[in-house]
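Please open the structure in your viewer and keep both the sequence and the selection panel at hand. The stops below are meant to be taken in order.

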2 protein chains.
Amino acid sequence: MSDQPVRAAFDWLQAHEQQDRDRLAKLVAIPSVSSDPASAEAVREAVEWVAAELRRIGFADVTVYETPLHPAVTARLASPIAGAPTVLVYGHVDVQPVEPVAEWASPPFTVTERDAKLFGRGVTDDKGQLLMHLRSVEALLATAGGPPVNLVVLVDAEEEIGSPSLPALLADNPWLGEVDLVVVSDSPMLGINMPAVGYSLRGLVYAEVTVSALAGDLHSGQFGGAVPNAAAVLAELVAGLHDADGRVAVEGFYDDAAAADDAERAMLADLPFDERTWLDGIGARCGTGEAGYSALERTWIRPTLEVNGIVSGHTGPGPKTIVPARATAKLSMRLIADQDPHRVGQRVVDHLMGSAPESVDITADYAVSSRAVSTPRDHPSTAVAAEALAAAFGRTAYLIRDGGTIPAVALLQSAFGLDTLLLGLGCPDENKHAPNEWLPLDHFRLGPRALVLLWHGLGGGLR
Amino acid sequence: MSDQPVRAAFDWLQAHEQQDRDRLAKLVAIPSVSSDPASAEAVREAVEWVAAELRRIGFADVTVYETPLHPAVTARLASPIAGAPTVLVYGHVDVQPVEPVAEWASPPFTVTERDAKLFGRGVTDDKGQLLMHLRSVEALLATAGGPPVNLVVLVDAEEEIGSPSLPALLADNPWLGEVDLVVVSDSPMLGINMPAVGYSLRGLVYAEVTVSALAGDLHSGQFGGAVPNAAAVLAELVAGLHDADGRVAVEGFYDDAAAADDAERAMLADLPFDERTWLDGIGARCGTGEAGYSALERTWIRPTLEVNGIVSGHTGPGPKTIVPARATAKLSMRLIADQDPHRVGQRVVDHLMGSAPESVDITADYAVSSRAVSTPRDHPSTAVAAEALAAAFGRTAYLIRDGGTIPAVALLQSAFGLDTLLLGLGCPDENKHAPNEWLPLDHFRLGPRALVLLWHGLGGGLR
C-alpha cells in the first residue's frame with residue numbers, strides 16, 4: 001500500500017481532535033448504566049446518539065434493534081475497493097454503575113483531563129474505544145473515499161449485564177455472520193503505550209446467595225448468643241469458598257479447566273510485566289491467589305471466584321445492636337476453556353446450599369454470562385494487528401490474553417464460527433468498573449491511527 | 001394499706017386511657033434516633049416534650065441538662081407522706097434507627113394498633129414504658145394527692161448510644177444519689193401477661209473492623225484471582241470469631257467471666273419458657289450458640305459476640321463484577337460479671353489485628369457501653385415488685401435476668417452504690433431495635449396499675 005492515504009487520514013485525525021473530544025464528552029455525559037432499571041431511558045438515549053453518529057459519518061442501513069431490555073444498533077459501510085474483506089466491529093455504549101460516587105475525583109459523567117489522562121465512566125469501557133473506531137472510519141471516508149475493508153458495526157447496550165438479548169439479535173440478523181473477522185476494542189493493552197493484541201477472554205458466571213435466619217432483625221441483648229446470626233453464617237459460607245492455598249474449594253470447580261500450556265506460560269513469563277509496579281498502581285500490599293501461578297497466569301489462564309459484594313444488618317453510622325435476619329453475597333466466577341458456565345454455576349450453588357447449617361434458610365442461584373473464548377495465536381489477523389499497533393504507537397506490540405469477558409465474542413463464535421481480534425486500547429489499571437475510570441490521552445490520539453493501519457493491513461491481505 | 005386509693009387510681013387510669021394513647025402517639029411521632037446526627041433536633045424535641053409533660057403532671061425542679069450531645073431531664077416530686085422513701089425512676093426518650101423501613105408493616109413513627117398490640121418505634125423501648133411511670137404518678141396525684149414515695153425522675157436521650165454524657169450528669173447532680181432505690185422499666189417480662197422482676201443485665205462493648213485491600217474497587221476480570229479481596233478477607237476474619245462449638249474464639253474472651261451458679265441455673269430451668277415457642281415467635285428454625293447452655297442461659301448468663309452488620313463492594317441491584325477495595329463489620333459483645341469491657345474490647349481488637357493476612361491493612365477499635373450489673377436476688381424490693389406485678393396482671397410473677405444492657409444502671413451503681421429494680425413491662429419478642437417494634441395493649445393498660453401497687457408497696461416498707 002502507499003503511505004499517502006494513511007498520512008492524509010492521520011492528518012485529518014490530528015486536525016479533528018477537539019471535535020472528537022467533544023463527541024466523547026457528549027456520549028460519556030449520558031448515564032447509560034444498563035444494570036440500573038432507573039437508567040433505561042439514558043441507555044436508549046446513548047443508543048440513539050450512536051445511531052445518529054453512524055448516520056452522520058455515512059454508514060448505511062443504520063438500524064435500532066429493539067429487545068425486551070435495551071436496544072442495540074447495527075449498521076454497515078461498503079468499501080470503495082471491490083472485493084474487500086468484511087470486518088464486524090463490536091462495541092458497547094452501556095456502562096457500569098458509578099457508585100461509590102464520593103470516590104470519584106471528578107464527576108463520573110463528565111470527561112475531565114488530568115495528568116495526560118481522560119477520566120469519566122466509559123472513557124475506556126467502552127464508549128471511548130468504540131468512538132476510536134468511528135473516528136478511524138470517518139478519517140478514511142474524508143481522506144480516501146472510505147476504508148479498504150467493508151465494515152459491519154454492532155453496538156450493544158447490554159454488555160455490562162451479560163448481553164442477554166444478543167443471541168436473539170444474532171438469530172434475527174444472520175447477515176451479521178457474513179463477515180471475515182470480528183474486531184473488538186474493549187480490553188487493555190499491556191500498559192500505557194505498550195500495545196498488545198489479545199487472543200483470549202475468560203468466561204463469566206454470576207451467583208448470588210442469601211441467608212435467612214430470622215423473620216426480622218433482633219435485639220442483640222435479648223437474643224444474642226442463642227439464635228442464628230445471618231451475617232455470621234454468610235461470613236462462614238464465603239470464607240469456605242477458598243482453601244488455604246487460594247484455590248476455590250467448590251467441588252468440581254476445576255473440572256474441564258484446560259491445563260496451562262508450557263509454551264504459553266513461557267511466553268507470558270517473558271512479557272515486560274512487573275508485578276510490584278502493577279500492585280503499586282492499584283494500592284495493593286502484595287499479590288494473592290492460587291498457589292503455583294504468577295499474577296498474569298492467575299488473571300489470564302486460571303479460573304477464579306471473587307466476592308463482588310456482601311451486605312447484612314446495620315451498615316449506617318453509629319452502633320445498632322442487632323442480630324441480622326438476612327445476609328446476601330454477590331459472587332462472580334471467571335472461567336477458562338473448556339469450563340461450562342452452567343455447570344460451574346450449579347456447582348457453586350450446590351456447594352453453598354450444602355455448606356449452610358441447619359439453622360438457616362438459604363437461597364442461591366446463578367446466571368451465565370459467557371464461556372471463555374480464544375482465537376488461535378497464529379491467526380493471520382494477529383500479525384497484521386501487531387504491525388498496525390507497533391507502527392501507530394512506535395513501540396513493540398505484544399501478544400496477550402485478557403482476564404475479562406465480552407459475551408459477544410463467544411456468541412459470535414458459537415452463532416457464526418467467527419474469530420475475533422482483540423485490539424484493546426485501554427490500560428490494565430484504568431479503573432474499569434470502578435471510580436475514576438481513565439484512558440491515556442496518548443491512546444485516545446493514537447488508537448484511531450492504529451485502526452487506520454489495521455484496515456489497510458486487513459484490506460491488503462485478509463482474503 | 002387501704003384498697004381505696006388503689007381502686008381510685010385504677011379507675012382514673014381506665015378513664016384516661018385515650019388521653020394516654022394520644023400522648024404516646026405524640027412522643028413516638030418524634031423521630032428521636034440518637035445515633036443519627038441528622039436527628040439531633042428531633043432528640044431535643046423529645047426531651048423538651050417530656051420536660052413539659054413532667055411540669056404538666058406536677059413534678060418540681062424540672063431541668064433540662066445540656067450535654068455535648070443530647071440533653072437529659074431531671075425532675076422530682078415529693079410524696080404527701082412524711083418520711084416516705086425516695087425512688088429514682090430512670091427512662092429514655094431516644095430510640096434506635098428504623099431501617100430497614102420497608103420491613104415495617106405500618107409507619108415506624110406512627111403508633112398503630114393491630115392484634116391487641118401497639119406498633120411503633122419506641123412503644124416499648126422506652127417511650128411507652130417511661131410514660132407508664134408518668135401515668136401511674138398522675139393517677140395518684142389526681143386521686144390520692146400524690147404517690148406514697150418521693151420520686152426523682154431521670155430521663156436520658158443517649159441510652160441507645162451508651163449514655164456517654166451520663167457520668168458527667170451524675171457527677172454534676174449528686175442529689176440524684178440521695179435515693180433508696182432505682183426503678184427502671186426498659187426490659188421484657190417473660191412473655192405476654194407473664195410478669196417478671198429482673199435482677200441482672202449484661203454489659204456491652206462495641207467494635208468495628210475495616211479491611212482495606214486496594215486503593216479502589218477493581219475489575220474482577222482484569223484483577224480477579226491475583227489481588228486481595230477485602231470482602232473475602234473480612235469474611236474469614238468474621239468466620240474466625242467463633243469456634244465449632246459456638247464459643248467465641250478470641251483469646252482471653254472468657255477471662256473473668258463468672259461461672260454459672262447451680263442454684264440459679266436450676267431456677268432458670270424451672271421458668272415457664274419454651275424455646276420452640278420462642279423460636280417460632282422470631283421465625284428461627286432452631287437455636288444455636290455456645291455448647292452446654294440453654295437458650296435462656298446463652299442470653300442471660302453467658303457473654304456473647306454478635307456481628308451487627310457487614311458491608312463491602314456492590315450491594316445494589318444487578319451484577320457489578322468488582323474486587324472490593326474495602327469491607328467493614330460492626331460487632332457487639334454482651335458481657336457478664338466480672339468482665340471488664342475495656343479488656344474484652346481490646347482483646348477482640350487484638351485478635352482481629354492479629355488474624356489479618358499480610359495482604360491487607362486493617363483498622364479495628366472498640367467503644368465501651370457498660371459493665372454487667374446485678375441486684376441481689378433477695379433484695380427487699382424484689383418481693384414487693386413481684387407482688388405488685390402479680391396483683392396487677394392476675395398472674396404469677398417470676399424472677400428473671402435480662403440479656404440487654406442499660407448503661408445507667410451500672411453508672412448509678414458505681415457513682416452512688418444504688419441498687420436497681422428492673423421492672424420490665426415489655427415482651428421478649430417485641431422487635432426492640434428492629435422493624436415492627438410492639439407492646440401488648442394489655443401491658444400498656446396494666447403496667448401503670450402495677451406501678452401504682454409498687455409505689456404503695458415500697459411506701460409501706462422499703463425504709
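Predicted model: local features only at pLDDT ≥ 70, side-chain atom pairs only at ≥ 80, totals over all residues.

Residues are numbered from 1 along each chain as its sequence is written, chains are lettered from A and ligands numbered from 1 in the order in which they are written, and side-chain values use heavy atoms, with hydrogens and water left out.

Begin by selecting the contact (heavy atoms within 4.5 Å), to which chain A gives 82 residues and chain B 83 residues. Between them the chains bury about 6,900 Å², of which 55% is on carbon and sulfur atoms; buried area is the accessible area (1.4 Å probe) lost by two parts on being put together, summed over both.

Next, select A:D361 and B:R285, which form a salt bridge whose closest N and O atoms are 2.6 Å apart. The term requires a side-chain nitrogen of Lys or Arg within 4 Å of a carboxyl oxygen of Asp or Glu, and the count between chain A and chain B is 4 salt bridges.

Among the elements that give two or more residues to the side touching chain B are α6 (230–239), α8 (275–282) and β12 (304–313) of chain A, and β12(A) gives the most, with 9 residues.

Finally, select β12(A) together with strand β12 (residues 304–313) of chain B: the two pair in the antiparallel sense over 5 bridges, where pairing requires that DSSP find at least two bridges between the strands. Here A:I310 stands opposite B:S312 in β12(B).

Conventions. Helix = DSSP H or I, 4+ residues; strand = E, 2+ residues; numbered from the N terminus.
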